[in-house]
Amino acid sequence: MEKRNILFSPPDISELEIAEVCEAMRSGWITTGPRTKQLERNLAEYCHTNRVVCLNSATAAEELNLRLLGIGEGDEVIVPAYTYTASASAVLHVGAKVIFVDSQPNSTEMDYEAVEAAITEKTKAIVMVDIGGIICDYERIFQVAENKKNIFRPQNKIQAAIGRVAIVADCAHALGACRHSKMAGEIADFTSFSFHAVKNFTTAEGGASTWRSIPSVSDEEIYHQYQLFSLHGQSKDALAKTQLGAWEYDIVGAWYKCNMTDITAAIGLKQLERYPAMLARRKEIIVKYDAMCDEMGIKHLEHYGEGHSSSGHLYMVRIPEISIEKRNEIIIKLAERGVAANVHYKPLPMMSAYKALGWDIKDFPNAYDYYHNLISLPLHTRLTDQDVEYVMEIFRTVVTENIV
């Protein structure tokens, strides 16, 4: 086949997004304003939640989720060993201690029995990560939290209202995924989304938080606290201050600056209009990749099945009986033939920052085993049918040549 240049995950931006950004720039509102607020409403409707707050990243969203929960120094938060650093770094940002838990065998999901064993009186939250856009077994993790509620010691009003360890979802990959008819965003106590340029749905940079309504704590109260946290603790945002005579404001806390702008929200407004078709296209590509991998005897994520539908964010395959060195060689040979591949993820206990905290990958054998022969293939909505055929042809050839 004639050589092609297949990028791994370029953003899918149409003339609709470009035109909306231009309109935002002409409007005079280029920071947080009417488009950001409209995107929040549209996303809340899409996720089946009452409120969404748009922010400048998923990392900020997860950090603010933890701060809303009152989590800080002396607390512990359980995090999968198999994830990207943002799932854990947000915990460190609030001053809490990360407690890593290994994966289940041959899975990206945590070992839920190990999670239950790791819960102590200091545990305030469990971070679930929906890797690749596949929603985890939240029914099981809620049961784990219920099983340990007798040792839970709440430290603020929201913790007391929840009455157990909070379930915090890192849905960076999972916007649009569903499980048992529930959308990502309406399942966990608090959820963070990523709208980074490599995600299915992008605002270039950006993210959002949403939450399940909590008894005795109003959604408006929670939303207002997010606004305070994300805008220096300022009691009015720029839009509110435009009202006649409304210039005066208070600073009620020395907090943070992580709001979304109307320019980035403009991208998101049009992305969301296009999103159902984008998800459908991802599914078409995944079906083709699945058939190829099944034919080759290569393991892959199960994106679709009875009771669940993925957002189709990553296509992760595991090549049997190869070493890390052979896996890396395959990635290089794919690149030489024009196919960019990746690895999602190197487990966090292998990373310098977390090794410095005392973590050792030897204690997480399942996470290491999942990682060592893993390759992520290009999966995005700018791939043509011809591109997909090229990826599959090159992948077949390179793997066959290198595992004999």
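The paragraphs below take up the pockets, then the cysteines, then the salt bridges.

The model is predicted, so local features need pLDDT of at least 70, side-chain atom pairs count only at pLDDT 80 or more, and totals for chains, interfaces and linings use all residues. Residues are numbered from 1 along each chain as its sequence is written, and side-chain values use heavy atoms, with hydrogens and water left out.

On a 1 Å grid over the protein atoms alone, a pocket is an open set of points where a 1.4 Å probe fits, with protein on both sides within 12 Å along at least five of seven lines; lining residues have an atom within 4 Å of a point. Grid points are joined across faces, edges and corners, and a volume is the space filled by probe spheres set on the points. The largest pocket holds about 520 Å³ of space. It is lined by 28 residues, and those closest to its centre are Tyr84, His173, Val198, Lys199 and Tyr345. Helices (H or I, at least four residues) and strands (E, at least two) are DSSP runs, numbered from the N terminus. Helix H3 (58-68), helix H4 (86-93) and strand S8 (190-194) each give at least two residues to this lining, and H3 has the largest share, with 3 residues. By class, the lining of the largest pocket has 10 nonpolar, 13 polar and 5 charged residues; here Ala, Val, Leu, Ile, Met, Phe, Trp, Tyr, Cys and Pro count as nonpolar, Asp, Glu, Lys and Arg as charged, and the others, Gly among them, as polar.

The second largest pocket has a volume of about 370 Å³. Its lining is made of 18 residues, of which Asn106, Ser107, Ile134, Leu301 and Glu302 are the closest to its centre. Strand S10 (299-300) and strand S13 (315-318) each supply at least two residues of that lining. Its classes are 8 nonpolar, 5 polar and 5 charged.

How many disulfides (pairs of cysteine sulfur atoms within 2.5 Å) does a search of the whole structure find? The search finds 0. For Cys171, the closest cysteine sulfur is that of Cys136, and the 8.3 Å between them is too far for a bond. Cys171 is buried (under 20% relative accessible area; exposed is over 50%, partly exposed in between, with a 1.4 Å probe and protein chains only), at 1%. Cys293 is also buried, at 0%.

Side chains of opposite charge can pair when their charged atoms come close. The structure holds 24 salt bridges, each a side-chain nitrogen of Lys or Arg within 4 Å of a carboxyl oxygen of Asp or Glu. One of them joins Glu23 to Arg26, with the closest N and O atoms 2.9 Å apart. These two residues are 3 apart in helix H1 (residues 15-27), so about one helical turn separates them. Glu23 is partly exposed, at 41%, and Arg26 is exposed, at 61%.

Helix H9 (residues 262-296) contains Glu284 and Arg281, which are 3 residues apart and therefore separated by about one helical turn. Their side chains meet in a salt bridge at 2.9 Å, N to O. Glu284 is partly exposed, at 45%, whereas Arg281 is buried, at 16%.

Another salt bridge brings together Lys288 and Asp385 at 3.5 Å, N to O. This pair links distant parts of the chain, with Lys288 in helix H9 and Asp385 in helix H13 (residues 385-403), 97 residues apart. Lys288 is partly exposed, at 29%, and Asp385 is partly exposed, at 38%. Finally, a network of salt bridges links Glu146, Lys149, Arg164, Asp189 and Arg212.

Methods
Disulfide = S-S within 2.5 Å.
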